[in-house]
Amino acid sequence: MYIVSYNPTYVGIPFTEFSTIDENTDLENLNLNWREQDLPERVRTKHVHRLHPYLGKFIPQLVEIFLRKYRPNSVLDPFCGCGTTLVQANELGIKSIGCDISIFNCMISKVKTDKYDLSILQSEILELINKLKFEYPYHSENDFSDYLKTWYSQKSLDDLFHFKETLESFTYNNLYKVILSRAARSARLTTHYDLDFPKKPIRVPYYCRKHSRICYPVKEANKFLIRYCNNTFKRIVEFAEYRTDADVVIINGDSSNVVFPKVDIVITSPPYVGLIDYHEQHRYAYDLLNLPSNDHHEIGSATNGSGQKAQKEYKKAMMKVYDNLKTAVKRSGIIITIINDKYNLFNPDKFGFVEEMRLKRHVNRRTGMRKSNFFEEILIWRNK
Ligand SMILES: C[S@@+](CC[C@H](N)C(=O)[O-])C[C@H]1O[C@@H](n2cnc3c(N)ncnc32)[C@H](O)[C@@H]1O
């Protein structure tokens, strides 16, 4: 057993030769402190990774490194979010199992990893776009929740509901629901610079910090629906080149009590304490699609804060999940956790695992385009 704990070195160019990784690669020698120019956003969000915005995802190439190093037959991500681990595993022909408490996150993971007949997909997408060109009736206020009435113009809601009513009869309607949700996110009455955490609806022109000019609140959703229909098709076609037939299983549930099948390895990035509300970030999707919420089972939600009580509850909940992982991972199997553990809650002894290695990397830029001076740790543990 050896433990490496080091501060990132900024000497030399960060490592990007991902396909060269194999079981002989020394992880501790890799410079993983990518800057924007080393691993640009378009590469981090290649093909299906950008089917829908999601705050808090990890970098696909980081997952790829561990999958190539350990070459498992099966991988489990108990906090699969929008499916980064599952997509990367599938590309490498590795069977994957993902679990998430949020049904919408499971839906994103599923549509990313599903197999599509591209000619059916193309004709359905063209038909959906075509239908948007025709006149359709206004919806009544009673069709909309208070949240929707607050955050959208009447025209945007008419566009979104018309699309929603149309897609039901189509083959790949889950994929179109994700397009609908992506358009709904863009059509909210918010400023261009505040799409991640909008505070209040904006119904009048405003000075836009992002574009340095006066911008106008969004009036309609159809332009986003058309844009994302085309973009989604392009991304699915791109991924089809890499997609394998390796199984992908997605479970919507609480990872502390789901009975997982046996796997070789776990790769995951758990929610942090008090940072993000994972249901709430997609509130528009829950309201538009009438999805059931499981937010009270969300671990570490921002609503519960990051005080001592929240930390204690978080640790208890995490230990329960990791207890469950002990039975899922084969003996001596590897558990990789990517986390910003600023409260030192992840102690391998207390969690009942053996520490193999601990790496630290500087997160120069995250997928949500937020600049921050932020470090994350990569905890590599072995099951007893
Ligand atoms: C940091 S995110 C994971 C992001 C993921 N690595 C990706 O790239 O998309 C943590 C995820 O844990 C989920 N989660 C929170 N509590 C959970 C629980 N009790 N069981 C399963 N998933 C949970 C959240 O819904 C969220 O999607």
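Lys330 comes out as partly exposed, at 38% relative accessibility (partly exposed sits between buried, under 20% relative accessible area, and exposed, over 50%, using a 1.4 Å probe and protein chains only). Its side chain meets that of Asp264 in a salt bridge, at 3.9 Å from N to O; the term stands for a side-chain nitrogen of Lys or Arg within 4 Å of a carboxyl oxygen of Asp or Glu. Lys330 belongs to strand E7 and Asp264 to strand E6, so the pair ties together parts that are 66 residues apart in sequence. Asp264, at 18% relative accessibility, counts as buried. All of this comes from a predicted model, in which local features need pLDDT of at least 70 and side-chain atom pairs count only at pLDDT 80 or more, while totals for chains, interfaces and linings use all residues. Residues are numbered from 1 along each chain as its sequence is written, and side-chain values use heavy atoms, with hydrogens and water left out.

E6 (residues 263–268) and E7 run parallel and are joined by 5 bridges, where pairing takes at least two DSSP bridges between two strands. Within this pairing, Ile265 stands opposite Ile334 of E7. E7 itself spans residues 329–339 and is mostly covered, with 8 of its 11 residues buried. Strands (E, at least two residues) and helices (H or I, at least four) are DSSP runs, numbered from the N terminus.

Altogether, the structure holds 23 salt bridges. One of them links Arg361 and Glu376, whose closest N and O atoms are 2.9 Å apart. This pair connects distant parts of the chain, with Arg361 in strand E8 (residues 354–365) and Glu376 in strand E9 (residues 371–382), 15 residues apart. Both Arg361 and Glu376 are buried. Arg44 and Glu36 make another salt bridge through their side chains, at 2.9 Å from N to O. Here Arg44 is buried at 4% relative accessibility, whereas Glu36 is partly exposed at 23%. Elsewhere, Lys115, Arg243 and Asp245 are linked in a network of salt bridges.

At the interface, 19 residues of domain 1 are in contact with 15 residues of domain 2, contact being heavy atoms within 4.5 Å. About 1700 Å² is buried between the two domains, and carbon and sulfur atoms give 72% of that; buried area is the accessible area (1.4 Å probe) that two parts lose on being put together, summed over both. His47, Leu51 and Val111 supply 31% of the area that domain 1 buries against domain 2, more than any other three residues.

Helix H3 (84–91) and helix H4 (103–113) each supply at least two residues of the side of domain 1 that touches domain 2. The largest share of that side, 4 residues, comes from H4. H3, for its part, has 8 of its 8 residues buried, so it is largely enclosed by the rest of the structure. Among these buried residues are Thr84, Leu86, Gln88 and Glu91. Just after H3, Gly93 takes a positive phi of about 75 degrees.
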